[in-house]
Every structure is written in structure tokens, then in C-alpha cells.
Amino acid sequence: MKSIAIMQPYFLPYIGYFQLIQSVSQFIVYDNIQYTKKGWINRNRFLQNGKDELFSVPLKKDSDLLTIKNREIAADFNKFKLLNRLREAYKPAPYFERVFPLVENIVLQDENNLFSYIYNSIRETCDYLEISTEILISSDLQIDHSLRGKDKVIALCKYVDADIYVNAIGGQKIYMKEEFSTYGIRLKFLQTKAFEYKQFNHEFVPWLSIVDVMMFNSIADISDYLASGYELI
């Protein structure tokens with residue numbers, strides 16, 4: 001049987017995003033969907049002095065109606081400033097020497113398009129974590145892209161001949177299993193289990209960017225969690 005997941009692109013997201021990628025045969029990244037303000041597409045959280053702090057990729061001012069693939073990064077985005085914030089926060093971390101070159105490649109990439117910038121970060125992180133799932137881009141797939149919501153999801157599932165559609169647990173609020181079963185598709189929801197590890201000598205701060213996870217955990221330990229640290233409901 002073939003399983004897929006479909007998600008918007010997020011910049012250096014929390015580990016549950018990579019669990020979703022790991023759990024399926026193919027992962028489709030939505031690029032032709034409207035950019036949403038105040039979401040997590042171009043920002044996330046990292047650990048600084050024992051507390052969570054935001055980092056973000058600033059965007060060029062443009063129409064709120066544009067899709068993610070049509071948004072541009074602000075010309076004054078200081079990539080070195082972001083990189084220095086992450087360097088200073090994680091320099092004492094046990095896996096800093098191995099992980100920071102990856103973070104450096106991701107942050108300093110010469111790309112102005114928001115989707116391309118984030119898409120590259122997803123692929124590079126998957127390579128580091130040894131996730132081999134095939135990653136597709138939604139606009140490359142020949143479906144009716146005027147469809148919305150579950151209708152578009154079902155069209156994508158049918159296009160790639162998927163029998164199982166896996167969604168993040170939050171999707172329970174908007175998708176019904178019965179609606180998918182009508183089309184011969186089994187709908188499942190991925191529930192991430194708690195994942196706690198030592199963050200220097202501070203009280204643990206959960207669900208930070210994957211950068212935090214990689215700085216404090218070996219690839220082997222992360223791989224174990226990616227494979228078994230969730231339930232499919």
C-alpha cells in the first residue's frame with residue numbers, strides 16, 4: 001500500500017514535521033497555497049538562555065493573496081545575524097560541530113524565493129537525518145489546482161495512487177475518515193509522542209525547531225524517535 005502526507009513548507013520546523021515525512025511513501029509540499037500570516041511558514045523557536053525565542057525569515061511586502069511560491073524574502077534579511085544568534089545559542093551543545101555546517105548551508109543559501117528557500121532547508125535536513133522519503137511539489141502534479149480543502153487532498157491522493165493519507169493530528173478538526181473512505185483512501189492522523197532530552201542544564205523546553213533536536217541528539221537517537229515516537233490514529 002502507498003501512503004502520502006501533504007503539508008505546507010515550514011522553515012526548520014519541529015520534529016513532528018519530519019516524523020510525518022518519515023512515516024509515508026511520498027511527501028507532497030504545498031507551494032501553490034496562499035501564504036498565511038502569523039503562522040509557522042517562515043519562523044520557528046530556538047533555545048536561548050533556557051527560554052524559547054523566535055527566529056524568522058522576513059518577507060518582502062506584497063499582496064496577502066499571493067501563494068507561498070510567489071512570495072519573496074525581504075532584501076534586507078540579514079542572514080549572518082540569524083546565523084550568529086543560532087551559533088551563540090548552541091555553541092556549547094554536544095553536536096554543534098556536526099550540525100552547525102548544515103544550519104550554515106541552509107541559512108546562507110543564495111535564494112530570494114520563499115518557497116525555494118524553505119524547500120531546500122527541508123531537503124537538506126532530511127538528508128542529514130537520513131530520511132529517504134520521496135518529496136514532491138504540489139504545483140508539479142497535474143490536478144485541478146482550483147480545488148480547495150479535502151477535495152484537493154483527495155485529488156492529490158488519487159493522482160499519485162495513494163491508498164493512505166496521513167495528516168498531522170490537528171487535521172482531525174477538518175477531515176473526516178468517512179469522506180476519504182468513499183474514494184478508497186484510508187485517513188490516518190499522526191500523534192507525536194513527547195520527546196524530552198537534556199538541553200544544557202536548563203528545564204526542558206519542548207517542541208522547538210529541529211535545530212534544537214539536532215544540536216542535542218545523535219542521528220541514531222533522532223532516527224529511533226522518528227520511526228517510533230508517534231501513533232497513527
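Trainee: How does the lining of the second largest pocket divide into nonpolar, polar and charged?

Mentor: Eleven residues are nonpolar, four polar and one charged. Nonpolar covers Ala, Val, Leu, Ile, Met, Phe, Trp, Tyr, Cys and Pro; charged covers Asp, Glu, Lys and Arg; the others, Gly among them, count as polar.

Trainee: What kind of model is this, and which pLDDT is needed?

Mentor: This is a predicted model: local features need pLDDT of at least 70, side-chain atom pairs count only at pLDDT 80 or more, and totals for chains, interfaces and linings use all residues. Residues are numbered from 1 along each chain as its sequence is written, and side-chain values use heavy atoms, with hydrogens and water left out.

Trainee: Back to the second largest pocket. What volume does it have?

Mentor: About 350 Å³. There are 16 lining residues, and the closest to the centre are Tyr10, Pro13, Tyr14, Tyr17 and Trp40. A pocket here is an open set of points on a 1 Å grid over the protein atoms alone, where a 1.4 Å probe fits, with protein on both sides within 12 Å along at least five of seven lines; lining residues have an atom within 4 Å of a point. Grid points are joined across faces, edges and corners, and the volume is the space filled by probe spheres set on them.

Trainee: H5, then. Which of its residues are buried?

Mentor: Lys152, Val153, Ile154, Ala155, Leu156 and Cys157. Buried means under 20% relative accessible area, exposed over 50%, partly exposed in between (1.4 Å probe, protein chains only). The buried residues of H5 pack against E1, strand E2 (26-29), E6 and helix H6 (177-181). Packing goes by contact, meaning heavy atoms within 4.5 Å.

Trainee: What follows H5?

Mentor: Asp161, with a positive phi near 60°. Asp161 is in the loop between H5 and E6. Its relative accessible area is 61%, so Asp161 is exposed.

Trainee: Now Trp207. What is its phi, and where does it lie?

Mentor: Phi of Trp207 is near 60°, positive in a residue other than glycine. Trp207 sits in the loop between E7 and H7. At 36% relative accessibility, Trp207 is partly exposed.

Trainee: Which residues of H8 are buried?

Mentor: In helix H8 (residues 219-228), they are Ile219, Ile222, Tyr225 and Leu226.

Trainee: Why are they on the same side of H8?

Mentor: Because they cover an arc of only 130° around the axis. The arc is that of the directions from the helix axis to the C-beta atoms. In general, an α-helix has 3.6 residues a turn, so residues three or four places apart point the same way. The buried residues of H8 pack against H1 (15-22), H3 (96-107), H4 (114-128), E7 (186-192), H7 (210-216) and E8 (230-232).

Trainee: What about the largest nonpolar core? Which residues have the most contacts inside it?

Mentor: Phe11, Phe18, Phe27, Tyr90, Leu129 and Met215, in a core of 67 residues. H4 gives the most to this core, eight residues. Apart from it lies another core, of 20 residues, including Val153, Tyr175, Ile185 and Phe189. A nonpolar core is a set of buried Ala, Val, Leu, Ile, Met, Phe, Trp, Tyr and Cys residues joined through side-chain atoms within 4.5 Å.

Trainee: What is Phe11 in contact with?

Mentor: Leaving aside neighbours within four places in sequence, its contacts include Trp40, Phe55, Leu82, Ile106 and Tyr117.

Trainee: And Thr125: buried or exposed?

Mentor: Buried, at 0% relative accessibility. Thr125 lies in helix H4. Beyond neighbours within four places in sequence, Thr125 is in contact with Leu12, Phe18, Leu102, Ile106, Ile210 and Met214.

Trainee: Where does Leu102 lie?

Mentor: In helix H3. Leu102 counts as buried, at 9% relative accessibility. With neighbours within four places left aside, Leu102 is in contact with Glu124, Thr125, Tyr128 and Met214.

Definitions and conventions. Helices (H or I, at least four residues) and strands (E, at least two) are DSSP runs, numbered from the N terminus.
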